[in-house]
Amino acid sequence: APQATGIATLDDFLKASKIDKAALASAPPKPPPAVPPPAETEEKNPFCVLVCGGGNAAQVATAMFAARFQTIAVSFFADEAARWKAALGDDDYELTLDTDKIVKSKPDDITNDPSVAAKADAIVLAVPSFAHGEYFEKFAPYMKPNTVVACMPARSGGDILFASKLGDKAKDMVFMGFETLPWACRFTEWGKKAKILGTKGSILAAVTPPAKYPLAFALLQGLLGVFPNIVESPNNLGVSLRNPGAVIHPGVMYGRWCPEKWDGNPVDEKPLFYQGVEEFSESVLLGLTGEVQAIKKKMEELVPGLDLRDACDLKQWYMDCYAGQMTDTSSLRACMNTNPGYRGLTHPCKDADDGKFMPDLKYRYLAEDVPTGMCFNKGLGEILGVPMPMTDKVLAWAQDCIGLKILENGKMCGPDVVKTRAPQATGISTLADFMTAARIEASGSVPKPLAVESPNFKVVFLRHGESVWNVA
């Protein structure tokens with residue numbers, strides 16, 4: 001009884017219960033969580049998840065989820081599904097967690113048949129971002145309403161691509177964009193065994209439409225377990241503009257291999273990638289991240305109430321993700337040079353004559369991060385009328401490296417724009433079109449009043465250290 005602790009009035013009870021009447025009265029009403037009702041057993045409340053891909057993360061997710069739920073692995077890449085099914089045979093998949101516990105499970109199926117999407121309550125994509133469109137398009141005819149589609153990671157403009165591939169059907173679906181993968185992991189025997197090397201303490205994710213966040217959160221947190229904690233980001237645009245790969249990878253590659261810095265001849269050794277960032281490369285990165293911040297500022301000016309708090313600049317991203325690990329945080333360059341997770345990582349190179357090396361300018365740092373990251377930034381900047389001279393310079397160089405024609409006369413109108421995540425790839429040319437596709441609504445007729453600014457920190461922990469397979 002409240003009286004047992006000396007509580008005799010309503011005010012005393014509210015204080016002890018930490019219930020703030022004033023805050024409750026002023027808060028907007030929240031929609032009830034759209035989660036399944038409780039049941040006596042999970043068997044009475046069936047749940048099916050598809051895991052897309054056949055790489056490290058996809059195999060880990062499949063093994064983890066299959067221990068509890070109906071789980072179907074799907075891969076459209078060549079004959080990967082058949083090879084994985086044959087490799088596993090009648091055996092259980094063996095997953096070693098970073099706690100050294102071993103989980104043994106078996107997926108209900110491993111297939112390349114897109115019609116299995118009809119069974120899915122959740123679809124988790126753990127494939128390279130350039131492959132997302134193929135999965136969206138092939139699953140679209142079979143998906144049932146309220147299917148949660150989670151991309152790990154979503155990269156830039158994942159929600160726009162999802163909407164374009166599903167068309168009218170997208171309004172009945174739930175898209176969840178994650179900033180990164182939940183784990184650093186690697187299979188130890190392809191198709192049969194894998195190991196989680198480290199699990200993040202938290203992971204940022206946004207949901208479109210935002211009202212469906214409770215449903216998406218309940219499903220995905222239930223799949224992942226206690227860690228990582230899913231931290232809500234207000235919208236997928238914030239996750240898109242936060243994408244570090246869109247800035248770091250093309251920027252550092254340009255800083256080392258552009259005509260101003262490289263004569264085209266083989267080099268004696270592979271240059272350090274992150275630890276090798278010097279004054280020129282830092283200036284490129286600062287230019288790129290500054291232009292993304294200009295996009296953020298313009299969007300917040302034009303769309304009252306739009307919350308892009310997570311679209312931070314690159315130095316703040318390092319502070320959010322690696323605080324306490326870097327020995328010097330005085331500058332962006334110092335953050336990259338002194339991050340222990342980057343120690344010894346080199347530029348992607350190919351062997352040349354006499355033991356020398358040539359840069360691999362078709363590596364995913366350009367082949368993936370330019371079309372699915374940088375092109376989104378440039379395309380949205382163009383719609384908003386934001387000047388982006390550094391992005392123009394890097395993109396013009398990078399498109400030649402990867403054999404695409406994207407930027408023509410400074411505009412996103414080249415024939416290969418359709419192969420990118422630029423809004424223009426799906427026919428979007430105005431802010432109104434972009435807001436409709438991204439399902440963004442202004443919350444009022446005037447911008448929100450600014451309170452005293454305070455930093456927004458997110459702390460990411462790894463239990464066994466960052467892995468070279470999961471760093472930006």
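A nonpolar core is a set of buried Ala, Val, Leu, Ile, Met, Phe, Trp, Tyr and Cys residues joined through side-chain atoms within 4.5 Å. The legends below describe close-up views of a predicted model.

**View 1. The largest nonpolar core and the surroundings of L237.** The largest nonpolar core holds 72 residues. Those with the most contacts inside this core are L237, M299, Y318, W397 and F434. When neighbours within four places in sequence are set aside, L237 is in contact with M299, L306, L308, F376, L380, F434 and I440. Another core, of 44 residues, lies apart from the largest one and includes F47, A61, W183 and V207. In soluble globular proteins, nonpolar side chains tend to be buried together.

View 2. Four strands, in the order 4-3-10-9, make up an open sheet with mixed pairing. Between strand 3 (residues 93–96) and strand 10 (residues 193–199), the pairing is parallel and runs over three bridges. L95 stands opposite A194 of strand 10. Helix 3 (residues 56–66) packs on the sheet and touches strand 3, strand 4, strand 9 and strand 10. The direction of helix 3 makes about 90° with that of strand 9.

**View 3. The packing of helix 9 on helix 15.** Two packed helices are described by the angle between their axes and the distance between the axes. For helix 9 (residues 245–257) and helix 15 (residues 389–401), the angle is about 75° and the axes are 10 Å apart. Helix 9 is therefore roughly perpendicular to helix 15. Helix 9 contributes P250, M253, Y254 and W257 to the contact, and helix 15 contributes K393, V394 and W397. By class, this contact of helix 9 with helix 15 comprises six nonpolar residues, no polar residues and one charged residue. W397 also belongs to the residues with the most contacts inside the largest nonpolar core.

**View 4. Helix 6 and its cover.** Within helix 6 (residues 158–166), the buried residues are G158, D159, I160, L161, F162 and L166. Their cover includes helix 5 (132–139), strand 7 (148–151), strand 8 (174–178), strand 11, helix 8 (236–242) and helix 16 (431–438). Just after helix 6, G167 adopts a positive phi of about 60°.

View 5. Most residues other than glycine have a negative phi, and most peptide bonds are trans. T208 and P209 are joined by a cis peptide bond, with omega about 0°. P209 lies in the loop between strand 11 (202–208) and helix 7 (213–224). A cis peptide bond also joins F227 and P228, with omega about -5°. P228 is placed in the loop between helix 7 and strand 12 (229–232).

**View 6. Aspartates with positive phi in loops.** D100, a residue other than glycine, has a positive phi near 75°. D100 is found in the loop between strand 3 and strand 4, and its relative accessible area of 59% makes it exposed. D354 is likewise not a glycine and has a positive phi of about 60°. The loop between strand 13 (349–351) and strand 14 (357–359) contains D354. With a relative accessible area of 77%, D354 is exposed. Both assignments follow because exposed means over 50% relative accessible area.

Technical notes. Residues are numbered from 1 along each chain as its sequence is written. This is a predicted model: local features need pLDDT of at least 70, side-chain atom pairs count only at pLDDT 80 or more; totals for chains, interfaces and linings use all residues. Side-chain values use heavy atoms; hydrogens and water are left out. Two strands pair if DSSP finds at least two bridges between them. Helices (H or I, at least four residues) and strands (E, at least two) are DSSP runs, numbered from the N terminus. Contact means heavy atoms within 4.5 Å. Axes are lines fitted to C-alpha atoms, for helices over the stretch in contact, and angles run from 0 to 180 degrees between N-to-C directions. Angles under 35 degrees count as roughly parallel, over 145 as roughly antiparallel, 65 to 115 as roughly perpendicular and the rest as oblique. Ala, Val, Leu, Ile, Met, Phe, Trp, Tyr, Cys and Pro count as nonpolar, Asp, Glu, Lys and Arg as charged, and the others, Gly among them, as polar. Buried means under 20% relative accessible area, exposed over 50%, partly exposed in between (1.4 Å probe, protein chains only).
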